[in-house]
Amino acid sequence: MNDHYYTESPNSQSRPAEARFDYRGRAFTLISDAGVFSRGELDSGTRILLSALPDRLQGRVLDLGCGWGPVGVALGTLYPDCQIVFTDVNLRALALAEQNAKANQVTGTFIQSDGFAGIDGMFDYIITNPPIRAGKETIYRMFADSAAHLNPNGQLYLVIRKQQGAESCVKYLKTLYGQVETLKKSGGFWVLCAREPLKKEG
């Protein structure tokens with residue numbers, strides 16, 4: 001069976017490749033690899049997600065499904081006071097994220113986890129380009145679990161393509177959060193921000 005980027009331990013032969021991108025006046029060169037999402041380049045969804053994030057972040061930040069780490073490394077570079085937690089189910093991806101963080105003098109915590117299974121504590125920001133190919137049930141569980149891991153003023157940021165269910169995603173998020181905002185639409189991608197998790201009865 002072929003590897004997916006959400007495979008825990010990819011069997012595909014390692015083929016490292018540099019991925020270069022600019023973010024808010026800073027140039028980044030990170031290492032990606034086969035068996036990991038978006039080898040050799042920053043994917044369009046993550047690029048658009050990064051462009052829609054607030055001008056200033058502080059507190060504890062979860063890079064959920066971090067891949068080779070572009071979001072966490074970029075934010076950790078620009079906002080060194082943030083406590084960045086990188087997590088991914090893919091061990092190769094997580095190792096790359098840690099390597100890329102160290103190369104860019106970004107400190108962080110690195111946790112191999114299937115969604116929130118291994119994640120403790122609360123966050124001020126949860127940021128994700130969710131693994132759409134893992135299926136709706138998987139990504140919707142991530143959104144629901146995010147609601148349980150946000151501080152009172154915390155925010156979930158995510159990107160999703162319109163053709164992959166952005167409109168239904170907004171409807172689902174509104175069952176979990178008091179405020180759901182579409183921050184940006186570009187190239188078929190929607191960047192969403194959800195806040196004010198709703199308390200579950202019982």
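**Exercise 1.** How many helices and strands are there in the chain?

*Solution.* Start with the source: this is a predicted model, where local features need pLDDT of at least 70, side-chain atom pairs count only at pLDDT 80 or more, and totals for chains, interfaces and linings use all residues. Residues are numbered from 1 along each chain as its sequence is written, and side-chain values use heavy atoms, leaving out hydrogens and water. Next, take DSSP runs: helices are H or I, at least four residues, and strands are E, at least two. The chain has 5 helices and 9 strands. Their order along the sequence is β-β-α-β-α-β-α-β-β-α-β-α-β-β.

**Exercise 2.** Decide how compact the chain is, using its radius of gyration.

*Solution.* Take the radius over C-alpha atoms; the globule rule is 2.2 Å times the number of residues to the power 0.38. The radius is 16 Å, close to the 17 Å that the rule gives for 202 residues, so the chain is as compact as a globular protein of that length.

**Exercise 3.** Find the buried share of the chain, then its nonpolar cores.

*Solution.* Buried means under 20% relative accessible area (1.4 Å probe, protein chains only). Of the 202 residues, 49% count as buried. A nonpolar core joins buried Ala, Val, Leu, Ile, Met, Phe, Trp, Tyr and Cys residues through side-chain atoms within 4.5 Å. The largest has 38 residues; Tyr23, Leu75, Phe86 and Ile127 touch the most other members. Another core lies apart from it, with 26 residues, including Leu64, Phe116, Tyr140 and Cys169.

Note on methods:
Buried means under 20% relative accessible area, exposed over 50%, partly exposed in between (1.4 Å probe, protein chains only).
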